[in-house]
Structures are given as structure tokens and as C-alpha cells.
Amino acid sequence: IAIEKEETSLAVKRSKNRAEIARLKQIAEDTSKAEKERLAAAEKAYSIEKKDMEAQVSLQERRIANMLGFTKVTDEVRNVIDELNRGAISADEVISKLGLSSSTMADFKQFADEVVKLNELQEASLTRQVEQNNKINTIRKEANKVLDDGVASLEQQTKTDSGMTDE
């Protein structure tokens, strides 16, 4: 029940954070704003997304740990998840680890579904993080181009001015 309560609280927090990320993305995309402001918004959106993913993954790992009879996530729990992801553990081996003497194929399916959910959470969040990181890189490139163009213009002006004074 504790995990369900935390999931509900996290869902509310995550929905608020998604709205904040959308607001920050709007700022990051607004080319009328200064690069510094756009970059700060993109970096904050990335940070929020990363923290949300960490919280969701942690909660999902705890759910899986509970299914294995643990009260917290241990190396053993992570090893079972990894073995299942790699196909290195059989259904019977997982069923024997589920901690219930009467574990069945249905229990294995439920466990596997939770591992799939964990993988999907990670994949979706990493995709959003890549998008945010790409926006950060784009803003930095735009700022560098403006700086490079300004330096080139200044150098050209200096050459022009020095050519006028030679005469």
C-alpha cells in the first residue's frame, strides 16, 4: 500500500513537472529571448526530467523488490531484473524467487510486466532527456555562431578601418 500511495503522489508531482517542462521548453524555443535565458530554461527542463525519471525508476524497482520478497532494492533484485532483461533466467527460476511457495505462471507474468514497465519508463524518459539535451546543444551552437559572426564582423571592420588610415 505504501508504494501505491507514493505512486499516486508521484503521479501528481509528475503531472505538475510536465507542465513546468512544457513552459520551460516554450522559453527555450523562443528565439526572441536571450540565449542565456533559453539555455537556462532548457537545462532546468532537462534536470526536472532526469529527477522525475530517477524517482519513477526507484519506485518501480521497489515494486519489483517487493514482488521478490524484499523490503528494499538490493543488488540481488537488480541482478534478477538484469538476468530477466538478458533472457538469462528462466520463468521457473523467477517463479522460485518470487518468495511465495505457491507462485505460478500468472505471478511470473505479473513480475515480467513490472520489469517491462520499468524498462519503458527508462526508455521514455531517456528519449525526453535526449530531446532536451539536443535543445541545449542547439542553443549553445546558436550562441557560438552569433559570437563567431560578431568576431568576424569586428575583424572585418578593423581591417576596413586600418585600410582607411593607411591612406
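**Figure 1. Surroundings of Lys97 in the predicted model.** Leaving aside neighbours within four places in sequence, Lys97 is in contact with Leu68, Val80 and Ile89. The structure shown here and in the following views is a predicted model. Lys97 belongs to helix 4, which covers residues 91–97. With a relative accessibility of 33%, Lys97 counts as partly exposed. The C-alpha atoms of Lys97 and Phe108 are 9.8 Å apart in space, and the two residues are separated by 11 residues in sequence.

**Figure 2. Packing of helix 2 with helix 3.** Helix 2 (residues 35–67) packs with helix 3 (residues 75–86) at an angle of about 95 degrees, and their axes are 10 Å apart. Helix 2 is therefore roughly perpendicular to helix 3. On the side of helix 2, Glu61, Ile64 and Ala65 take part, and they meet Val77, Arg78 and Ile81 of helix 3. By class, the residues of this contact are four nonpolar, two charged and no polar.

**Figure 3. Glu61 in helix 2.** Glu61, a residue of helix 2, is buried, with a relative accessible area of 12%. Its side chain is joined to that of Arg78 by a polar contact of 3.2 Å. Not counting residues up to four places away in sequence, Glu61 touches Val73, Val77, Arg78 and Leu118.

Figure 4. The whole structure holds 14 salt bridges. One of them joins the side chains of Lys135 and Glu29, with an N to O distance of 3.2 Å. Lys135 lies in helix 5 and Glu29 in helix 1 (residues 2–29), so this pair ties together parts that are 106 residues apart in sequence. Lys135 counts as buried, at 15% relative accessibility. A further salt bridge is formed by the side chains of Arg63 and Glu114, at 3.9 Å from N to O. This pair links distant parts of the chain, with Arg63 in helix 2 and Glu114 in helix 5, 51 residues apart. Both Arg63 and Glu114 are buried.

Figure 5. Arg86 forms a salt bridge with Asp82, and their closest N and O atoms are 2.9 Å apart. Both residues lie in helix 3, four residues apart, about one turn of the helix. Arg86 is exposed, with a relative accessible area of 55%, whereas Asp82 is partly exposed, at 38%.

**Figure 6. Thr127 in helix 5.** Thr127 is located in helix 5 (residues 105–165) and is partly exposed, with a relative accessible area of 37%. A polar atom of the Thr127 side chain lies 2.9 Å from the backbone oxygen of Glu123.

Conventions
Residues are numbered from 1 along each chain as its sequence is written. This is a predicted model: local features need pLDDT of at least 70, side-chain atom pairs count only at pLDDT 80 or more; totals for chains, interfaces and linings use all residues. Side-chain values use heavy atoms; hydrogens and water are left out. Axes are lines fitted to C-alpha atoms, for helices over the stretch in contact, and angles run from 0 to 180 degrees between N-to-C directions. Helices (H or I, at least four residues) and strands (E, at least two) are DSSP runs, numbered from the N terminus. Angles under 35 degrees count as roughly parallel, over 145 as roughly antiparallel, 65 to 115 as roughly perpendicular and the rest as oblique. Contact means heavy atoms within 4.5 Å. Ala, Val, Leu, Ile, Met, Phe, Trp, Tyr, Cys and Pro count as nonpolar, Asp, Glu, Lys and Arg as charged, and the others, Gly among them, as polar. Buried means under 20% relative accessible area, exposed over 50%, partly exposed in between (1.4 Å probe, protein chains only). A polar contact is a pair of N or O atoms within 3.5 Å; within protein, one must be able to donate a hydrogen and the other to accept it, and residues adjacent in sequence count only if both atoms are side-chain atoms. A salt bridge is a side-chain nitrogen of Lys or Arg within 4 Å of a carboxyl oxygen of Asp or Glu.
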